[in-house]
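Me: I would like to go through this structure with you, one topic at a time. Please begin with the terms that the surface topic requires.

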Amino acid sequence: MDVLGPLGDIVATIRELKVNALDSLGPLAPMVTGGGQIIAAGVAFMLLVAGRGLWAPSVPNLPNFPVRLTGLAAGILVVVLYRFSRIGYPFDFTLWAVVLVFVGIVLALYYVFLRLTKTFRCQGDKSLYVRGFRLQPAAQQLLSGNLAGLPTQYQPRPGQPVPASDDEFFCKSGKVPNRVWTP
């Protein structure tokens, strides 16, 4: 475990806790571990079928796609782990569990970062919108204040100021994402 550094210490501690917990359960230990597998499979199945998630943004063309994809991946992983546990494959489940939890935490933090930086709401609108990565050339020209040669749909109305941000432009121009960001 020295190769893993601090992760090896975490794995060793969890192994010790697992052994102590299973020893204290006695003959109920197989039922508890089986129940945990059933719960994990149930959560994966619910994500796959229901397709709803607390954090998932709506994807208009693929409703509930991110949650269903996550449910499918979790379901496949549960089936693979269950199969390996039944055939006696020399597989270190504790190590994999710790690594996958760590990867899950990192990906969840990345998702939260993207959600905080790439989503916004228009004033007076309850919908959550996802900001694009690249502006359309005409939108970029408008936002920089250069109005010369802009197509008519990008020209601000007489008396209106140039939008201060891509979010403001999106909200005040009919909420058409392809007008502001490249698809």
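Reply: Patches are made of residues with over 30% relative accessible area and no salt bridge, where like charges are joined within 9 Å and nonpolar side chains (Val, Leu, Ile, Met, Phe, Trp, Tyr) within 5 Å. A salt bridge is a side-chain nitrogen of Lys or Arg within 4 Å of a carboxyl oxygen of Asp or Glu. Accessible areas come from the Shrake-Rupley method with a 1.4 Å probe, and for residues only the protein chains shown count as cover. The model is predicted: local features need pLDDT of at least 70 and side-chain atom pairs count only at pLDDT 80 or more, while totals for chains, interfaces and linings use all residues. Residues are numbered from 1 along each chain as its sequence is written, and side-chain values use heavy atoms, with hydrogens and water left out.

Me: Which residues form the nonpolar patch on the surface?
Reply: The patch consists of Phe 65, Leu 69, Leu 72, Ile 76 and Val 80, which together have about 430 Å² of accessible area.

Me: And where is Leu 72 placed?
Reply: Leu 72 is in helix H3, residues 65-87. Helices (H or I, at least four residues) and strands (E, at least two) are DSSP runs, numbered from the N terminus. Leu 72 is partly exposed at 41% relative accessible area; buried means under 20%, exposed over 50%, and partly exposed in between (1.4 Å probe, protein chains only).

Me: Changing topic: how many disulfides does the structure hold?
Reply: It holds 1 disulfide, a term for cysteine sulfur atoms within 2.5 Å. Cys 122 and Cys 171 form this link, with their sulfur atoms 2.0 Å apart.

Me: Which parts does the pair tie together?
Reply: Cys 122 lies in the loop between strand S1 (119-120) and strand S2 (129-130), and Cys 171 in helix H6 (residues 166-172), so the pair joins parts 49 residues apart in sequence.

Me: Is Cys 122 buried or exposed?
Reply: Cys 122 counts as buried, at 5% relative accessibility, whereas Cys 171 is partly exposed at 23%.

Me: Now the rings: how many aromatic pairs are there?
Reply: The structure holds 6 aromatic pairs. Rings of Phe, Tyr and Trp (its six-membered ring) pair if their centres lie within 6.5 Å; planes under 30 degrees apart count as stacked, over 60 as edge-to-face and the rest as tilted. One of the pairs is Phe 120 with Trp 181, whose centres are 6.0 Å apart and whose planes are at 55°, so this pair is tilted.

Me: What about Tyr 129 and Phe 170?
Reply: Tyr 129 and Phe 170 form an edge-to-face pair, 5.0 Å centre to centre with 65° between the planes. Ring pairs link Phe 120, Tyr 129, Phe 170 and Trp 181 into a cluster.
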